[in-house]
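This report considers a protein model with a student reader in mind. Please examine the sequence and the structure shown here before reading on.

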Amino acid sequence: GGVAAGVVLHLFVVVAGYQEYVQELPNGGNIRRGTKIWPASGHSSPTSGIGRNGFGRSFKKAGYTWTVEFCQEDSDGDGQTNGEELGDPGCVWTKGDTPTRTVDISHPGYDDSVTKFGADEAAAEAAANTCEASVLAVGSIVYDCQKDLGDGVVLHWQKLAGAAGGRRLQPSKMQLALEKRSAGGWVSLGFPSTPGKMSGAHAVVAESNGGVEYYDMEDLSVPTVKLSAWTLRASMSGA
């Protein structure tokens, strides 16, 4: 009776351990090698902590966290990155989010398991993440991308790298410049509370004389547009 109890306790500890790590990986509970689901993805057995495969060794080296470097690594040498096999080809997944792809998930620890994520899909994703290079530089700021909005107005933007993640980009942090190439007048940039709807937006309005003001747009009628207490860091500069 004592031996059996000891074995049961040992298995419980092992299972609890790899189940904890499942949450640290994109599609961690949906990794397959062939037709078999492999929840203990870092180990030689699909359901126990016996022996580490190449992916498991890489995971340990990464501190059991999904880093950009770990995502971009090809732990099993099959020509596909860990991120491509686990549905995060752009290496943008964070714990708790839904990965870019949740189907066709292969095992990044074995070279006999590969995803059908193809070159066409990879090329399409790369194209979606490219932009027209900006030609605007203001002081020490050099913008990455630009888009012509028409009527002589050009939007420029720069992705800011997160302090904690090295070169990993934080999509929520952007530096914007709205350029008006004709003299006089004003330009405005709105930030909607609900994507695609003007009502409920905050707007930044810049005039050619250098003034910058903030407005709340509660509705589409003029009386509902009011000066706002909402601010963000903004400035004007001459071209």
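Is cysteine 71 buried or exposed?

## A buried cysteine

The model discussed here is predicted. In this model, cysteine 71 has a relative accessible area of 0%. Residues under 20% count as buried, so cysteine 71 is buried.

## The disulfide

A disulfide is a covalent bond between the sulfur atoms of two cysteines. The structure contains one such link. It joins cysteine 71 to cysteine 91, with an S to S distance of 2.1 Å. The angle about the S-S bond is -85°, and the link of cysteine 71 and cysteine 91 is left-handed. Cysteine 71 belongs to helix H3, whereas cysteine 91 is found in the loop between helix H4 (82-85) and helix H5 (119-128); the pair therefore ties together parts that are 20 residues apart in sequence.

## The nonpolar core

The largest nonpolar core has 13 residues, and the members that touch the most others are Leu25, Phe55, Trp66, Phe70 and Leu86. Helix H2 (54-61) and helix H3 (68-72) are the elements that give two or more residues to this core. Of the elements, H3 gives the most, with three residues.

## The surroundings of phenylalanine 55

Which residues does phenylalanine 55 touch, not counting residues up to four places away in sequence? On that basis, phenylalanine 55 touches Leu25, Phe70 and Leu86, along with Ser41, Gly42, Ser75, Asn82, Pro108 and Gly109. Leu25, Phe70 and Leu86 are also among the core members that touch the most other members.

Conventions:
Residues numbered from 1 in each chain as written. Predicted model: local features only at pLDDT ≥ 70, side-chain atom pairs only at ≥ 80, totals over all residues. Heavy atoms only, no water. Core = buried A, V, L, I, M, F, W, Y, C linked by side-chain atoms within 4.5 Å. Buried < 20%, exposed > 50% of the residue type's maximum accessible area, 1.4 Å probe, protein only. Helix = DSSP H or I, 4+ residues; strand = E, 2+ residues; numbered from the N terminus. Contact = heavy atoms within 4.5 Å. Disulfide = S-S within 2.5 Å.
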